Amino acid sequence: MTAVTRYLRAIYAISRREGAPVATGAIADALEVTPASVSEMLPKLAEAGLIQHEKYTGVTLTDPGITAAEDALETYCIIERFVGGVLSLEDVVGEAQQLDGVIHRGVADRLDMLVDRRPECPDCFDPARDRCQYLADD
Amino acid sequence: MISASSLRSLCALSRRDKVIMTIHRSSQPMATHDHPPVHLRLVRALQVGVFLEELTVVRGNRQLEQLAEGPTADLIATMVDDAAARRDRLGGWIETVDPSISADQLVRPSMLEPYAALEGPSFEDPLDDQLYAGETAYKFYADLVDTLPALDVGRGDRDALTAALLSLREETAAGVEAVTRRMGER
């Protein structure tokens, strides 16, 4: 998983839960990194057109940012369900993290036919546990 | 399923495969039960490749049970054989990267059984199904080549593995081309 993907996923999940704009401190807490690291990454995301960053209000995903975040989250959810439900690996999150960034969307779409993903995906992603909130229940 | 005999027959692997095996055996520590396997990301990536190729095999074999003899059946039989050969090569690489792993245990027949008879518009035409499978495998190998620099693979190993993966990618491209050609002939 690239750093950009991690940031987009976190910002997306916090935005859905708490609304936008998202405070940089909340991003740092979610990713367990220092605020300085967040401050260093945000200009890169803004330059790529993925976020709007207002210094004293926080971060808002742009439309391309939302699309990229949803794509990354859906791909990750497919990977989690594939490693757990199809490959029967025990450490679903750990194993999915190994494949995150290795399995891209085109291949994930093929694997998606083999797994049962919730209709509300990716809004059911729980950033604190780095997994779909329903995964343990399915 | 990866047959035990095919993996035991490592002599059937290409010369380039043997080079990869030699590199890994000489440079990587053995995994133990107390430590995570070396190169876990690479092993898992190759495991996905094994799964995709095996999926092509089981679905192709299921289609062959229902197809009359003819050019389409002949082509699908060839696609199945080619996918099985790639699956076995990937399995051999996995066991080379981590000798503590038995590749035929990573993708077991029971895992594939539910997916041998997938139904729906995308699966009704055997050639459509094989085309999708081939395009997915092509994309997988292309993505993996792009991802290798981010994996914990040494430069020398990476160059050899890249060349081997590119070879698999070209083989899948040839398969896709054969399927599209057959589609045009129908």
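**Packing of helices H4 and H6 in chain A**

In the predicted model, helices H4(A) and H6(A) cross with left-handed geometry. H4 spans residues 63-86 of chain A and H6 spans residues 105-112 of chain A. Their axes lie 9 Å apart and form an angle of about 50°. Angles under 35 degrees count as roughly parallel and those of 65 to 115 as roughly perpendicular; the two helices are therefore oblique to each other.

On the H4(A) side, the contact is made by Asp71(A), Thr75(A), Ile78(A), Ile79(A) and Phe82(A). These residues meet Arg105(A), Ala108(A), Leu111(A) and Asp112(A) of H6(A). Sorted by class, the residues in the contact of H4(A) with H6(A) comprise five nonpolar, one polar and three charged.

Chain A as a whole contains six helices and four strands. Read from the N terminus, its elements follow the order α-α-α-β-β-α-α-α-β-β. The radius of gyration of chain A is 15 Å, close to the 14 Å given by the globule rule for 138 residues, so the chain is as compact as a globular protein of that length. Along the principal axes, the C-alpha atoms of chain A fill a box of roughly 45 × 25 × 25 Å.

Burial and contact separation were also computed for the chain. Of the 138 residues in chain A, 40% count as buried. Among contacts in chain A with a separation of 6 or more, 56% are between residues 24 or more positions apart.

Note on methods: Residues numbered from 1 in each chain as written. Chains lettered and ligands numbered in written order. Predicted model: local features only at pLDDT ≥ 70, side-chain atom pairs only at ≥ 80, totals over all residues. Axes fitted to C-alpha atoms, helices over the stretch in contact; angles between N-to-C directions. Parallel < 35°, antiparallel > 145°, perpendicular 65-115°, else oblique. Left-handed = near helix turned anticlockwise from the far one by under 90°. Contact = placed C-beta atoms within 7 Å. Nonpolar A, V, L, I, M, F, W, Y, C, P; charged D, E, K, R; others polar. Rg over C-alpha atoms; globule rule 2.2 N^0.38 Å. Buried ≥ 20, exposed ≤ 12 C-beta atoms within 10 Å, placed from the backbone.
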